[in-house]
Amino acid sequence: MRADIAFKDIESLFKAVGAEISEGRGSRIRVALGGVRAVFHRPHPQKETNKGAVKSIRRFLKEAGVRP
């Protein structure tokens with residue numbers, strides 16, 4: 001599993017699959033897709049995600065019905 005994905009690319013993926021994104025407090029973003037909601041943290045100061053975040057994002061997309 002990659003851990004060097006730029007978070008802006010993940011946000012672009014969310015938008016491409018039709019997710020609704022709203023700003024939360026601090027570095028948080030709220031994402032809603034297919035009746036599934038999640039909150040993710042933008043990494044800082046680095047711009048790349050870690051493996052734990054990638055795993056959570058994959059789980060969210062799977063639960064929302066997005067398939068590769």
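T49 is found in the loop between β3 (36–41) and α2, where helices (H or I, at least four residues) and strands (E, at least two) are DSSP runs, numbered from the N terminus. This is a predicted model, in which local features need pLDDT of at least 70, side-chain atom pairs count only at pLDDT 80 or more, and totals for chains, interfaces and linings use all residues. Residues are numbered from 1 along each chain as its sequence is written, and side-chain values use heavy atoms, with hydrogens and water left out.

Is T49 buried or exposed? Its relative accessibility is 5%, so T49 counts as buried, a word that means under 20% relative accessible area, with exposed being over 50% and partly exposed in between (1.4 Å probe, protein chains only). Leaving aside residues up to four places away in sequence, T49 touches A3, D4, I5, F7, I10, P43 and V54, where contact means heavy atoms within 4.5 Å.

The strands form an open sheet of three, in the order β1-β2-β3 and with antiparallel pairing; two strands pair if DSSP finds at least two bridges between them. Because β1 (20–23) and β3 stand at the edges with a single partner strand each, one side of each is left without a neighbour in the sheet. Strand β2 (residues 28–33) is joined to β3 by six bridges, and V31 has A38 as its bridge partner in β3.

Helix α1 packs on this sheet and touches β1, β2 and β3, its direction making about 25° with that of β2; for such values, axes are lines fitted to C-alpha atoms, for helices over the stretch in contact, and angles run from 0 to 180 degrees between N-to-C directions. Helix α2 lies across β2 and β3, running at about 165° to β3. Within α1 we find E11, which is buried with a relative accessible area of 13% and touches I21, I29 and R42, not counting residues up to four places away in sequence.
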